[in-house]
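Trainee: I would like to learn how to read the features of a protein model. Could we go through one together?

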Amino acid sequence: ISNMPNFNQLLAALPQGGARSNRFEVQFEPKVNGSPVPVDSILFVRSASIPGANEGEIILPYKGRQIKLPGDRTYDNWEVTVLCDDTYKARKGFEQWKNSINHHLDGLSDNAVIKQYLFDITVKQLDRADKPVTTITLHDAWCSTLGPIELSHDNADQIGTFSATINYQYYTTK
């Protein structure tokens, strides 16, 4: 117990009070036919996350015991909540993006090449001076699920939102 840090050591390690979860920025532009669809993601993203990653497990039987070795890495889907603007610009951008991946009428893609609808998403955690503490890039992202916009007379003092589930190949950290 004598090696436990004291209160002053903790304060010294967190000179700005620690990273705040409400200080972040997300930058993305969905693509349709290889061209960006204008969505002001910095303005309209209400909540996001730093994504998670998992290491698979390989069990190797050996003399009646199990040896656990690291396996393949997988990445959690990334969830984002987006504010609805008065013109539905953000929602329309996501719908155009999803239609370019798989059109709802004929099940076909507008893209001859997969890379035309994949793009990178950047998530930045910011300090109190709006300077990036860490920058995460989700590579080759695409929208798998577009959530509903809940409508209700009970929500008179709320701005509408919708969620999107984003799949990606991997992420890198700067």
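Mentor: We will take a helix, the core, the aromatic pairs and the salt bridges in turn. Keep in mind that this is a predicted model.

Trainee: Which residues of H3 are buried?

Mentor: The general idea comes first: an α-helix has 3.6 residues a turn, so residues three or four places apart point the same way. In H3 the buried residues are Ala90, Arg91, Gly93, Phe94, Trp97, Ser100 and Ile101.

Trainee: Now the core. Which residues touch the most other members of the largest nonpolar core?

Mentor: In soluble globular proteins, nonpolar side chains tend to be buried together. Here the largest nonpolar core has 27 residues, and those touching the most other members are Trp78, Phe94, Trp97, Ile121, Phe162 and Ile166. Two or more residues each come from strand S7, H3, strand S8, strand S9 and strand S10. The largest share, 5 residues, comes from S9.

Trainee: What is isoleucine 166 in contact with?

Mentor: Leaving aside neighbours within four places in sequence, its contacts include Trp78, Phe94, Trp97 and Ile121. Asn77, Val80, Ala141, Trp142 and Cys143 are also among the contacts of isoleucine 166.

Trainee: How many aromatic pairs does the structure hold?

Mentor: The structure holds 7 aromatic pairs. To read one, look at the distance between the ring centres and the angle between the planes. Tyrosine 75 and tyrosine 168 are 6.0 Å apart centre to centre with 50° between the planes, a tilted pair. Tyrosine 75 is in strand S6 and tyrosine 168 is in the loop between S10 and strand S11, 93 residues apart. Tyrosine 75 is partly exposed at 22% relative accessibility, whereas tyrosine 168 is buried at 8%.

Trainee: Why is the pair of phenylalanine 94 and phenylalanine 162 edge-to-face?

Mentor: Their ring centres are 5.6 Å apart and the planes are at 80°, so the pair is edge-to-face. Phenylalanine 94 lies in helix H3 and phenylalanine 162 in strand S10, so the pair ties together parts 68 residues apart in sequence. Both are buried. They also belong to one aromatic cluster with Phe28, Trp97 and Phe119.

Trainee: Last, how many salt bridges does the structure hold?

Mentor: The structure holds 4 salt bridges. In one of them, glutamate 25 and lysine 124 have their closest N and O atoms 3.9 Å apart. That pair links strand S1 to strand S8, 99 residues apart. Glutamate 55 and arginine 73 form another, with closest N and O atoms 2.6 Å apart. Glutamate 55 lies in strand S5 and arginine 73 in strand S6, so this pair ties together parts 18 residues apart in sequence. Glutamate 55 is partly exposed, at 44%.

Conventions: Residues numbered from 1 in each chain as written. Predicted model: local features only at pLDDT ≥ 70, side-chain atom pairs only at ≥ 80, totals over all residues. Heavy atoms only, no water. Buried < 20%, exposed > 50% of the residue type's maximum accessible area, 1.4 Å probe, protein only. Helix = DSSP H or I, 4+ residues; strand = E, 2+ residues; numbered from the N terminus. Core = buried A, V, L, I, M, F, W, Y, C linked by side-chain atoms within 4.5 Å. Contact = heavy atoms within 4.5 Å. Phe/Tyr/Trp six-rings, centres within 6.5 Å; stacked < 30°, edge-to-face > 60°. Salt bridge = Lys/Arg side-chain N within 4 Å of Asp/Glu carboxyl O.
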